[in-house]
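I opened this notebook to record what I looked up. The entries follow the order in which I went through them.

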Amino acid sequence: MEKLIYLDNNATTRVDEKVLETMLPYFKEEYANPSSMYEFAKSASHALKDARGKIKDFFNAVNEKEIIFTSCGSESANQAIRGVLNMNKNKRHIITSKVEHPAVLNLYQTLEKQGYSVDYIGVNSNGELDLEQLSESVNSDTALVSIMYANNETGVIYPIQKISEIIKSKNPNTKFFVDAVQAAGKIPIDVQELGVDLLGISGHKFHAPKGVGALYVNSKTVITPLIIGGHQERGLRAGTENVPYIVGLGKAAELAADNLKYEMTEVKRLRDKLESNILKNVFNARLNTGVANRVPNTTNIGFEYIEGELILLHLSDLGICASSGSACTSGSLEPSHVLRAMGVPFTAIHGSIRFSLSKYTTEKEIDYVTEVMPSIVEKLTNLSPFQNELEQLKNLKQ
Amino acid sequence: MWEYTEKVMDHYRNPRNVGKIDNPDAVGIAGSLACGDQLKIYLKIENGIVTDAKFQTFGCGSAVASSSILTEMIIGKPVEEVKKITNKDIADELGGLPPEKMHCSVMGYEALEDALKNYKTDDMVDLDDLREPETRDKVVCTCFNVTENQIWDAIKLNGLKTVEEITNYTKAGGACGKCKSLIQDIINTYYHKEKEEKKVELTPAQKILKINSIIENQISDELRKDGGDITLVDIDGNNVMVKLRGKCSGCKNSHLTLKSFVETTLREAVDPAIVVIEV
């Protein structure tokens with residue numbers, strides 16, 4: 001492909017050159033097992049310790065022992081949730097939101113089938129969490145609450161600190177896990193300030209490679225391991241440490257912390273530009289999140305009476321990568337559970353497109369997408385059987 | 001990423017025959033906005049021939065491609081030929097569709113069927129008559145509003161055997177999944193019936209009696225509705241000799257009547273090897 005405009009950074013990101021460079025020596029030169037006793041293993045062992053320190057700093061955790069390396073965000077979530085519940089077997093009530101990532105939501109549904117009683121907290125039309133429902137749901141039998149920091153589809157940020165206060169005021173023994181996969185690298189994460197017990201991230205969402213993640217477990221929280229075997233990660237995650245990738249994760253976290261200001265100003269500016277131009281120039285576009293507080297890189301726009309996959313295919317023909325909440329692309333036959341929970345009207349839900357930017361996104365790219373979007377939409381609205389409805393919409397906008 | 005054929009890509013990039021026909025002779029609709037895809041097809045029919053076809057589609061790449069190629073497949077064709085087009089023909093014409101996208105070809109078939117249902121001439125066989133005699137219009141999948149009949153058709157036309165295949169072809173069971181056991185029941189009923197029928201080996205005398213009774217009681221009744229009739233002349237092994245009378249005799253669709261109605265009915269009820277010959 002001649003030109004590639006990658007606006008799907010909530011799906012995965014390009015590995016940062018500096019991250020890759022830091023990783024490379026640990027494949028061919030410093031390949032020792034960090035658990036080994038000889039001098040040669042020292043470098044690998046130090047690299048592991050160094051990376052752990054960097055993740056500790058990235059989270060502002062108190063202690064390096066609070067960090068467990070995992071293989072991905074889903075493992076972090078499974079480890080946290082199952083780990084907590086196994087330690088609290090007498091408690092049978094758990095809470096999460098309706099808009100969680102499948103890594104949490106599907107696990108909760110599995111637990112529900114196994115006999116747990118589950119409360120799924122709803123959201124309003126902007127995608128904001130119903131905190132009142134949450135407060136009413138926490139009781140003396142509640143073992144765990146899992147809420148994401150930022151939503152992968154809409155970018156909406158949840159008030160984690162406030163949620164933590166609500167939970168602890170109702171039941172101080174209830175554990176709180178935060179899936180921060182979509183927050184890492186986009187907004188600051190401070191586990192002490194947030195008051196969370198467990199928090200998970202995934203490397204490939206912030207320019208580390210796929211196949212590595214981390215889980216923060218505060219020193220007051222005891223969990224059982226998911227993977228049982230050797231003594232690695234203090235017995236909480238068996239298996240020889242993936243040293244090169246863990247090194248990469250540490251470096252990516254360091255770079256992400258340095259880049260936060262750019263993310264929250266420049267990336268946000270480009271996102272806002274793309275968003276406002278599309279909303280201005282395309283008559284059947286609607287911002288699915290309204291005025292909700294969002295991470296700086298994400299916008300989710302619904303195009304009424306046209307279908308998302310078809311928009312993506314036409315964008316792809318121009319080298320533009322985005323994603324859709326439409327049924328046709330989700331692998332299932334239903335549109336996104338997040339947009340459904342928000343009550344996005346069915347005229348727009350199938351035509352919802354998510355653009356997610358990164359530090360590599362340029363002004364030129366945003367201008368190009370802004371320029372081609374109206375003609376793609378026009379071509380597709382001409383195909384639509386809902387010409388009268390589209391006409392009404394057009395008149396309304398004028 | 002779906003693996004679409006070049007032909008599918010060509011058709012969603014450059015869809016043919018997009019739009020509406022003013023004063024169409026037939027219009028068909030399938031799908032709905034809520035379900036994520038809808039197709040509207042407009043036909044112009046002159047002297048039993050589809051002279052023009054146009055479509056409007058709300059849907060994904062394969063839905064647009066299925067609609068677009070369908071219009072190409074039917075323009076210039078006699079209506080009775082168009083009536084024989086199935087979802088499989090549409091998918092084949094596109095060089096195949098990913099299994100999960102077969103429901104797009106089914107939507108094309110359903111819209112066409114809907115259009116032709118509203119367009120009937122006296123001497124034409126109605127495809128509905130070839131369906132299972134019992135009414136199967138009960139909605140099985142409430143999420144996507146799919147009836148038992150639609151599932152039955154999809155099994156019959158495509159030889160589907162699993163619930164997953166039914167979901168790929170009709171969407172039924174693709175959302176909440178509560179109807180999956182109902183779908184399994186329909187599959188079981190369909191194949192159980194087929195097996196049962198195959199199992200019963202009829203003696204030559206029993207076979208003759210059964211063929212005679214079906215022609216007299218079932219087929220003849222149907223043909224009389226359209227002003228025709230049929231009599232059994234002779235049976236030689238699997239060759240069934242019949243005489244068409246009344247409006248049927250000399251009708252330009254008599255071959256279609258024989259093959260797709262009389263023969264299909266007898267094959268399904270008695271023996272798949274039966275051949276019907278007009279004498």
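**Entry: a sheet in chain B.** I began with an open sheet of three strands in chain B, in the order E6-E7-E8, with mixed pairing. Two strands count as paired if DSSP finds at least two bridges between them. Helices (H or I, at least four residues) and strands (E, at least two) are DSSP runs, numbered from the N terminus. I asked which strands stand at the edges. They are E6 (228–236) and E8 (275–278) of chain B; each has a single partner strand, so one side of each is left without a neighbour in the sheet. Neighbouring strands here are turned by 35° against each other on average, direction ignored.

**Entry: model and numbering.** This is a predicted model; local features need pLDDT of at least 70, side-chain atom pairs count only at pLDDT 80 or more, and totals for chains, interfaces and linings use all residues. Residues are numbered from 1 along each chain as its sequence is written, while chains are lettered from A and ligands numbered from 1 in the order in which they are written.

**Entry: one strand pair.** I then looked at strand E7 (residues 239–246) of chain B. Four bridges join E7(B) to E8(B), and the two run parallel. B:Val240 stands opposite B:Val276 in E8(B).

**Entry: helices on the sheet.** Helix H10 (residues 204–225) of chain B packs on the sheet and touches E6 and E7 of chain B. The direction of H10(B) makes about 165° with that of E6(B). Helix H11 (residues 254–269) of chain B also packs on the sheet, touching E6, E7 and E8 of chain B. The direction of H11(B) makes about 145° with that of E8(B). Axes are lines fitted to C-alpha atoms, for helices over the stretch in contact, and angles run from 0 to 180 degrees between N-to-C directions. Residues are in contact if their C-beta atoms, placed from the backbone, lie within 7 Å.

**Entry: chain B against chain A.** How many residues does each chain give to the contact? Chain B gives 20 and chain A gives 22. On the chain B side, the elements with two or more residues are helix H1 (6–13), strand E2 (37–46), strand E3 (49–58) and helix H2 (61–74).

**Entry: domains of chain A.** The domain assignment, automatic or from a database, gives domain 1 (5–10 + 260–397) and domain 2 (17–256) in chain A. Their C-alpha centres lie 30 Å apart. Each of these two domains of chain A puts 23 residues into the contact.
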